[in-house]
Amino acid sequence: MSNSLFSKEMQDQLKELKGQLTKGRDTTSPDGENEKPTEPVSLLTQKQVKKTVKQMDSEHVDDDKVLFMQAMHGVNQLEDKNVRSPADATKATKPDATTLSKRAAAQGGDVAELSVGLSDMQALLNPVAAESILSYKQPTLQNKVFTQLKQGKLRWYDAVDIHGCTIEEARAAVTQLLSQAKQNNETSVKIVHGKGSEAILKTCVNGWLRQLPEVLAFCSAPPKDGGNGAVLVLLKKTKTDEKDK
């Protein structure tokens, strides 16, 4: 059995290519005067070839294969744009504040129920500092659970970043986020409000959440989740009808 890794036909083709590279372009051809000079062939040096052969450490690496490696040097595989990249396929995209505010305006329903009676003025009358740590809980919530929330031990399911939003856009985005959590029976979410020099959105979030009976507690997030530029919110569980059990 032959030790060659290439077929007889491929070996013949490689030998022919070797001969062509050795002879160079035929300048005696009738068309030679009109032909444009070709690009110089970039071949591996003997040192690079020896290094490659040593790395492969195989008795099957003969002169034909060295020639093949030289001829293929610098050749790159063409990208197939019709194939979807696995990395792109696994990217998770979450709606931003603008998307949530538009969705809130379009859907109404539960979102409208959450925002009924939600006072911006009441929130703004109790301003908080940019570096302040927010903390709130209903009396019925166990202290143990509240401590777990503050320590970031309770998993949050969804989040929204309201940086750069107007107060109206931020309110709609927050109520939409809470409405989605209610529909999906999720008990914890995160709101990234930022700080800013006047902490307007932070003040609004602090005031809005205190007005919602669905909110059991909220607190500034631990450093890994945004620190005092974000809050973790604990919500009441959605009651399920007995007939659905």
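**Ground rules.** I number residues from 1 along each chain as its sequence is written, and I work with heavy atoms for side-chain values, leaving out hydrogens and water. Because the model is predicted, I ask for pLDDT of at least 70 for local features and count side-chain atom pairs only at pLDDT 80 or more, while totals for chains, interfaces and linings use all residues.

**Confidence.** I looked up pLDDT (the predictor's confidence in each residue, from 0 to 100) and found a mean of 75 for the protein chain, with 54% of its residues reaching 70 or more. Over residues 81-94 the pLDDT stays under 50, and there I find five contacts beyond four places in sequence, a contact being heavy atoms within 4.5 Å. Residues 241-245 also stay under 50, with one contact beyond four places in sequence. I keep in mind that where pLDDT is low, the predicted coordinates should not be read in detail.

**Leu 154.** I placed Leu 154 in the loop between helix 8 (143-150) and strand 2 (158-161), where helices (H or I, at least four residues) and strands (E, at least two) are DSSP runs numbered from the N terminus. Leaving aside neighbours within four places in sequence, I list Val 145, Gln 148, Leu 149, Ser 188 and Leu 234 as its contacts. From C-alpha to C-alpha, Leu 154 and Val 189 are 9.7 Å apart in space and 35 residues apart in sequence.

**Salt bridges.** How many salt bridges does the structure hold? I find three, taking a salt bridge as a side-chain nitrogen of Lys or Arg within 4 Å of a carboxyl oxygen of Asp or Glu.

- I noted Asp 120 with Arg 171, whose closest N and O atoms are 2.7 Å apart. Asp 120 lies in helix 7 (residues 120-124) and Arg 171 in helix 9 (residues 167-183), so the pair ties together parts that are 51 residues apart in sequence.
- I noted Lys 195 with Glu 131 at 3.6 Å, N to O. This pair links distant parts of the chain, 64 residues apart, with Lys 195 in the loop between strand 3 (188-192) and helix 10 (200-211) and Glu 131 in the loop between helix 7 and strand 1 (135-137).
- I noted Lys 224 with Asp 225, the closest N and O atoms being 3.1 Å apart.

**Accessibility.** I class a residue as buried under 20% relative accessible area, exposed over 50% and partly exposed in between (1.4 Å probe, protein chains only). Lys 224 is exposed at 64%, whereas Asp 225 is buried at 10%. Glu 131 is exposed at 54%, and Lys 195 is partly exposed at 34%. Arg 171, at 22%, counts as partly exposed.
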